[in-house]
Amino acid sequence: MEHPENSEEYKGLTVNSGVQQPSIVNPYLQRGRFARRRLTAADYVEGILHGDVSILGQAVTLVESTVPEHQAIAQEVIERCLPHSGQSIRIGISGVPGAGKSTSIDEFGIHVLQRTGGKLAVLAIDPSSEKTKGSILGDKTRMEKLSVHPDSFIRPSPSAGSLGGVARKTRETIILCEAAGFDKIFVETVGVGQSETACHSMVDFFLLIQLAGTGDELQGIKRGIMEMADGIVINKCDGENVEPCQLAARQFRNALHLFPMPESGWLPKVLCYSGFYGLGITEVWDMIYEYMDFVKKNGYFEYRRAQQAKYWMYESINEQLRNSFYHHPTISTLLPQAEQSVLAGQQTSFIAAKRLLDTYFELKGIK
Ligand code: GDP
């Protein structure tokens, strides 16, 4: 079967709708009924609420767009989808490149779809993707089974902007996916820096994929990332690697005991599995479902989501203030001069910042 993205009809989507072609990887997707004209916010909302993945893909493209006109529609669509969102489990999956994230997500995804039915969306936060042209989820063939599954939607990381911007867009995409009936959301992130914090701030369960065999498992991993994990899983527990994995698991368990008890009251578990051979996948998901039951009963599930909403309110304020400042035409012409004078030692950074901010406040009529 010809992949729909290659067909002339599919390519026509871009031309006819006036919206950038969504990078949807599921060949089951059909061109939506609204594709021939520019969509209004109401069209997007209607399409999303009907579970139309083609419209969903276009709405996500809109969310990712930096064009102010697109942003305005996107915000309206998000607002109208918000009451229909929230009914899902959101799982963050993190690990260094090569840890086996995509292999595992493929297996995990098929497992949960078989186990509980429903629909799965796989999203990504990858602030490096602009430089590396997408180190995660960029290559559509990396999730062979999910990418052709009728109930999955895979969306690579937005490739532009700061970590905060990329993460916000992923969070807004979660809302749209949930409104479209996706009741399982995976957020993949590369385990190399701050993207874990962003990922942690939008998921219900944060799963850290680790590898064994280096003998210094605990050295390479930042304490902060480990403290965020609700579960640590050692991948590639197959063949000759079984024993090293079990040893690594014991080391992680010991290390976790040294941390203070997490707010959730849940002591993170450490399990071994093999994503490639599909071993131990059920146990990983038993753990995740056990956690969900636990935090839904003790109230932490709701508490964590409320805290996340608060976090994102401040994040949005910060991002909008930053944008307003840096994109102000006067400020953007003054910035290079200020930078030069700081570099040349003619002004201290503090004074330069204060002058620019004073100018900005004056221009905005803020005293
Ligand atoms: P990612 O960069 O974290 O997404 O990692 P990938 O899923 O692309 O996997 C990196 C490499 O590890 C690939 O060559 C996989 O075939 C291999 N790999 C992934 N999972 C397993 C596993 O469970 N066992 C073994 N032996 N290899 C695996």
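Trainee: How far is an oxygen atom of the ligand from a polar backbone atom of Gly-98?

Mentor: The distance is 2.8 Å, between an oxygen atom of the ligand and a polar backbone atom of Gly-98. Please keep in mind that this is a predicted model.

Trainee: How much of the ligand does the protein bury?

Mentor: The protein buries 70% of the 580 Å² that the ligand exposes when taken alone.

Trainee: Which residues come nearest to the ligand?

Mentor: There are 15 residues around the ligand, and those that come nearest are Gly-98, Lys-101, Thr-103, Arg-142 and Asp-238.

Trainee: And how does that shell divide by class?

Mentor: The shell around the ligand holds seven polar, four nonpolar and four charged residues.

Trainee: What about Asn-235: how far is an N or O atom of its side chain from an oxygen atom of the ligand?

Mentor: That distance is 3.1 Å, and it involves the side chain of Asn-235. For Phe-276, a polar backbone atom lies 2.9 Å from an oxygen atom of the ligand.

Trainee: Let us stay with the loops for a moment. Where does Lys-236 lie?

Mentor: Lys-236 is in the loop between β6 (231-234) and α10 (242-257). Its phi is positive, at about 65°, although Lys-236 is not a glycine.

Trainee: Changing topic, how much space lies in the largest pocket?

Mentor: The largest pocket holds about 710 Å³ of space.

Trainee: Which lining residues lie nearest its centre?

Mentor: Of the 25 residues that line the largest pocket, Gln-71, Gln-75, Arg-168, Glu-172 and Glu-319 lie nearest its centre.

Trainee: Which helices each supply at least two residues of that lining?

Mentor: They are α4 (68-81), α7 (163-179) and α12 (300-326). The helix that gives the most to the lining is α12, with eight residues.

Trainee: What is the division of the lining by class?

Mentor: The lining of the largest pocket has eleven polar residues, seven nonpolar and seven charged.

Trainee: You named Glu-172 among the residues nearest the centre. Is Glu-172 buried or exposed?

Mentor: Glu-172, which is found in helix α7, is buried, because its relative accessible area is 10% and the limit for buried is under 20%.

Trainee: How far apart are Glu-172 and Glu-64 in space and in sequence?

Mentor: From C-alpha to C-alpha, Glu-172 and Glu-64 are 9.4 Å apart in space, while 108 residues separate them in sequence.

Trainee: Now to helix α5. Which backbone oxygen does the side chain of Ser-104 reach?

Mentor: The side chain of Ser-104 reaches the backbone oxygen of Gly-100 at 2.6 Å. Ser-104 is in helix α5 (residues 101-116), and Ser-104 is buried, with a relative accessible area of 0%.

Trainee: Where does Leu-113 lie, and is Leu-113 buried or exposed?

Mentor: Leu-113 also lies in helix α5, and Leu-113 is buried at a relative accessible area of 8%. The C-alpha atoms of Leu-113 and His-149 are 9.6 Å apart in space, with the two residues 36 residues apart in sequence.

Trainee: What can be said of Asp-52 and its place?

Mentor: Asp-52 sits in the loop between α2 (41-49) and α3 (53-64). At 16% relative accessibility, Asp-52 counts as buried, and its side chain reaches the backbone nitrogen of Ile-55 at 3.1 Å.

Terms used:
Residues are numbered from 1 along each chain as its sequence is written. This is a predicted model: local features need pLDDT of at least 70, side-chain atom pairs count only at pLDDT 80 or more; totals for chains, interfaces and linings use all residues. Side-chain values use heavy atoms; hydrogens and water are left out. A residue is near a molecule or strand if one of its heavy atoms lies within 4 Å of it. A polar contact is a pair of N or O atoms within 3.5 Å; within protein, one must be able to donate a hydrogen and the other to accept it, and residues adjacent in sequence count only if both atoms are side-chain atoms. Accessible areas come from the Shrake-Rupley method with a 1.4 Å probe; for residues, only the protein chains shown count as cover. Ala, Val, Leu, Ile, Met, Phe, Trp, Tyr, Cys and Pro count as nonpolar, Asp, Glu, Lys and Arg as charged, and the others, Gly among them, as polar. On a 1 Å grid over the protein atoms alone, a cavity is a set of points where a 1.4 Å probe fits but cannot get out, and a pocket is an open set with protein on both sides within 12 Å along at least five of seven lines; lining residues have an atom within 4 Å of a point. Grid points are joined across faces, edges and corners, and a volume is the space filled by probe spheres set on the points. Helices (H or I, at least four residues) and strands (E, at least two) are DSSP runs, numbered from the N terminus. Buried means under 20% relative accessible area, exposed over 50%, partly exposed in between (1.4 Å probe, protein chains only).
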